[in-house]
Amino acid sequence: MSVAGLEICELSKSFAQGRRQVPVVRDFALSLREGEFVSLIGPSGCGKSTVLSIVAGLAEASAGEVRVLGRRVTRGGPDRGVVFQAPCLLPWLTARENVMLAVERVRPGASRTIQEWHAEQYLAMVGLASAGARRPAELSAGMRQRVALARAFALGSRVLLLDEPFGMLDSITRAELQDLLLELCGREPRTTLMVTHDVDEALLLSDRVAMMSAGPAATIGGIVEVPLSRPRARAALEDPTYAALRAQLLDFVEAQPIPA
Ligand SMILES: Nc1ncnc2c1ncn2[C@@H]1O[C@H](COP(=O)(O)OP(=O)(O)OP(=O)(O)O)[C@@H](O)[C@H]1O
Ligand SMILES: [Mg+2]
């Protein structure tokens, strides 16, 4: 049997609240095949970002472990690229220089010209071929998130972790970036775990959608396979299978109690 791209094994996390330890996530288990795209949906505050930051190595689990291609990981590393809701670009660097940070890491021995060429390739891949010299403040929110995606792909990580990457964008820009991510993942498949509140976004992009129950002690409440063929485009949302899946996910979301 082949090794999973990403395994999250019986993960639990508690936070101290005064003297008490409050369990936020308990026995969360999920395994992604290499190259698989899985979305994680669930009520606000249930612990989705907590799970993602533990997988990224930015927070410590109270119990359980995370494996990338069969190897246990305990700290952050370039094998896991992360894109958050707000793009984390360095404001004093240009778009190209922000992408260069990833290229330099992956190709430390290459000449500056070669590194810049690669950075340009990734900028072009996200539709920003002519914006490389601009600083984040000179880019729109959608363009900044494009740079963040270019940097994540330039890092060449086997695993991509996305926490509501398009949550702060207007609906048109959001749809454009969903299409872009669909194209990028088609071109350079990565094992991807994406947190989202948007059921349509989850279905459009994912091979499976994992539904997280409301906390405390939240865990996976169910998993839905998305049998829409690939390569996929927005037209997949017209597929009759789609409406049934959408209803199933919405039923789950609506059945969850509102967190205290
Ligand atoms: N560092 C922390 N210290 C204490 N409690 C925390 C910490 N981080 C998160 N929590 C608590 O853990 C719970 C889950 O938070 P988390 O941010 O993971 O939820 P989420 O599912 O990502 O929510 P949203 O959908 O609103 O982004 C919340 O009750 C939150 O208050
Ligand atoms: Mg969150």
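**View 1. The shell around ligand 1 has three nonpolar, six polar and one charged residues.** Here Ala, Val, Leu, Ile, Met, Phe, Trp, Tyr, Cys and Pro count as nonpolar, Asp, Glu, Lys and Arg as charged, and the others, Gly among them, as polar. This is a predicted model, where local features need pLDDT of at least 70, side-chain atom pairs count only at pLDDT 80 or more, and totals for chains, interfaces and linings use all residues. Residues are numbered from 1 along each chain as its sequence is written, while chains are lettered from A and ligands numbered from 1 in the order in which they are written. Look around ligand 1 and you'll find Phe15, Val24, Gly42, Ser44, Gly45, Cys46, Gly47, Lys48, Ser49 and Thr50; a residue makes the list if its C-beta atom, placed from the backbone, lies within 6 Å of the molecule. Helix α1 (residues 48-56) gives the most to this shell, with three residues. Helices (H or I, at least four residues) and strands (E, at least two) are DSSP runs, numbered from the N terminus.

**View 2. Helix α2 (residues 95-106) packs with helix α3 (residues 112-125) at an angle of about 115°, their axes 9 Å apart.** Axes are lines fitted to C-alpha atoms, for helices over the stretch in contact, and angles run from 0 to 180 degrees between N-to-C directions. So α2 and α3 are roughly perpendicular to each other, a label for 65 to 115 degrees, with under 35 being roughly parallel, over 145 roughly antiparallel and the rest oblique. On the α2 side, the contact is made by Ala95, Arg96, Val99, Met100, Val103 and Glu104. From α3 come Gln115, Glu116, His118, Ala119, Glu120, Tyr122 and Leu123. Contact takes C-beta atoms, placed from the backbone, within 7 Å. Sorted by class, that's seven nonpolar, two polar and four charged residues.

**View 3. Four strands make an open sheet in the order β2-β1-β4-β5, with antiparallel pairing.** Strands pair if DSSP finds at least two bridges between them. At the edges sit β2 (20-32) and β5 (71-73), each pairing on one side only. From one strand to the next, the twist averages 35°. Helix α1 packs on this sheet and touches β1 (6-17), β2 and β4, its direction making about 120° with that of β1.

**View 4. An open sheet of six strands runs β6-β7-β8-β3-β9-β10, with mixed pairing.** Both β6 (80-83) and β10 (220-225) are edge strands with a single partner strand, so one side of each is left without a neighbour in the sheet. Strands β3 (residues 37-41) and β8 (residues 191-195) pair in the parallel sense over four bridges. Valine 38 has leucine 193 in β8 as its bridge partner.

How values were computed: Contact = placed C-beta atoms within 7 Å.
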